[in-house]
Amino acid sequence: MEDPSHLAALVAWAAFALAFVFGWTASRSHFCGMGAVSDAINIGDWSRMRMWFLAVAVATLCTNAMLLAGWIDLSKSLYTGEHLIWLSHIVGGLLFGIGMTIASGCGARNLVRLGGGNLKSLIVLICLGATAYMTMKGLLAPVRVQYLDVVYANFPGGQELPRVLSGIADLDLSTLRVVCMAVITATIALFVFSDGEFRRNREFVLSAVLIGCIVAGGWYVTAYIGYVAEDPNTLSEAYLGTNTRRPESFTYVGPVAYGLELMLLWTDASLRVTFGIAAVLGLFAGALAHSLISGRFRWEGFTTVADLRNHLLGGALMGFGGVTALGCTIGQGISGVSTLALGSFLTLFSLIVGSAGTMKWLYWRMQRNGA
């Protein structure tokens with residue numbers, strides 16, 4: 001058996017490599033969840049929304065194909081547990097959507113912007129990471145645990161859509177997974193490719209397909225490469241190289257917090273660069289490389305106190321909301337949805353509503369002040 005420490009390092013390096021390509025692609029194509037909502041709400045352009053949802057469809061198709069092939073098992077992932085903490089998904093998703101709107105992007109987008117020289121994003125990420133850590137283990141954790149997570153619906157066997165439907169339909173789990181995968185991906189494909197202009201935009205189409213494959217690749221790395229049936233240190237099965245000790249794919253709230261923890265406690269021998277932390281570094285590195293090579297790198301900072309205030313508030317809302325909802329536009333919006341977990345769909349809907357509602361409110365306030 002391969003040395004677990006070497007296997008954990010392989011998981012981290014694989015995460016960095018995949019995230020590097022993700023960062024390069026996101027920087028080149030302007031892939032952004034908040035930008036997708038903004039374009040649709042403000043100017044009626046659904047191109048980036050179609051790109052986002054095409055990435056969701058590809059990730060869902062590839063992830064469930066691996067599940068059906070028996071390559072991976074995601075029953076122990078953070079998204080597919082028996083407890084559907086629906087209030088946390090709704091509240092967290094709404095707050096994250098509000099936060100990403102006033103902070104000019106989600107965690108992943110701010111990493112990409114930082115790679116392009118935007119120092120405002122650095123402040124957002126520090127605030128996001130600190131608030132996320134407080135929500136996981138610190139001052140804000142009791143709020144989440146005692147008032148939000150206690151409200152849940154129980155789904156014995158897990159909250160994956162095929163498992164939930166198996167208690168209703170007289171079909172086996174594999175058949176239901178194929179049906180769910182086919183219906184969801186076909187519906188998204190119909191929405192995405194119904195627009196001729198989007199079909200002709202090869203960069204958007206290829207970028208979305210690549211990002212979807214990268215997310216599915218994250219599941220393969222942690223749930224296949226990093227999985228050991230018997231860890232020699234514990235004599236039990238283990239998922240090596242992840243912070244949660246579970247299968248993971250790309251997400252950008254918790255890993256930013258764990259990255260800050262690693263930097264603050266660098267001499268703590270128990271801490272290592274994990275899949276999530278490497279994914280943060282890889283996304284930034286990929287975006288930085290693209291911005292330098294393409295000549296897009298530009299230093300940018302705050303010009304007003306109000307701008308600083310908004311970015312600090314947005315980072316804090318994303319930190320609390322992302323941990324509470326168990327993910328972000330990438331973590332729940334693509335990685336989580338690819339598992340067909342009910343909570344992921346609920347979070348995705350909530351963060352879009354939160355973002356769209358905030359944009360409408362900001363527009364109304366601007367018109368009122370202008371009048």
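Leaving aside its neighbours within four places in sequence, Thr25 is in contact with Ser207, Leu210 and Ile211. The model described here is a predicted one. Within it, Thr25 has its place in helix H1, and Thr25 counts as buried because its relative accessibility is 7%, where buried means under 20%.

In soluble globular proteins, nonpolar side chains tend to be buried together. For Ile334, when residues up to four places away in sequence are not counted, the residues touched are Phe31, Trp52, Ala55, Val56, Ala59, Ile211, Val215 and Thr329.

The lining consists of Phe22, Ala26, Phe31, Cys32, Gly33, Cys106, Ala108, Arg109, Val112, Leu283, Thr329 and Ile330. By class, these residues divide into 9 nonpolar, 2 polar and 1 charged.

Helix H4 was considered for its length and its burial. With 17 residues (86-102) at 1.5 Å a residue, H4 should span 24 Å, and its end C-alpha atoms are 25 Å apart, so that the two values agree. The buried residues of H4 are Ser88, His89, Gly92, Gly93, Phe96, Gly97, Gly99, Met100, Thr101 and Ile102. An α-helix has 3.6 residues a turn, so residues three or four places apart point the same way. H4 is followed by Ser104, whose phi is positive, near 65°.

Positive phi values were also found elsewhere in the chain. Most residues other than glycine have a negative phi. Arg245, however, has a positive phi near 60°, and its place is in the loop between strand E4 (238-239) and helix H12 (254-264). Arg245 is exposed, because its relative accessible area is 58% and exposed means over 50%. Leu326 likewise has a positive phi, near 70°, and lies in the loop between helix H14 (305-324) and helix H15 (331-338). At 24% relative accessibility, Leu326 counts as partly exposed, a class that falls between the cut-offs of 20% and 50%.

The loop between H3 and strand E1 (83-84) contains Glu82, which counts as partly exposed because its relative accessibility is 42%. When neighbours within four places in sequence are left aside, Glu82 is in contact with Ala153, Asn154, Phe155, Pro156, Gly157 and Gly158. Glu82 and Gly336 are 254 residues apart along the chain, and their C-alpha atoms are separated by 15 Å.

Notes: Residues numbered from 1 in each chain as written. Predicted model: local features only at pLDDT ≥ 70, side-chain atom pairs only at ≥ 80, totals over all residues. Heavy atoms only, no water. Contact = heavy atoms within 4.5 Å. 1 Å grid on protein atoms, 1.4 Å probe; cavity = no way out; pocket = protein on both sides within 12 Å on 5 of 7 lines; lining within 4 Å. Nonpolar A, V, L, I, M, F, W, Y, C, P; charged D, E, K, R; others polar. Helix = DSSP H or I, 4+ residues; strand = E, 2+ residues; numbered from the N terminus. Expected span 1.5 Å × (residues − 1). Buried < 20%, exposed > 50% of the residue type's maximum accessible area, 1.4 Å probe, protein only.
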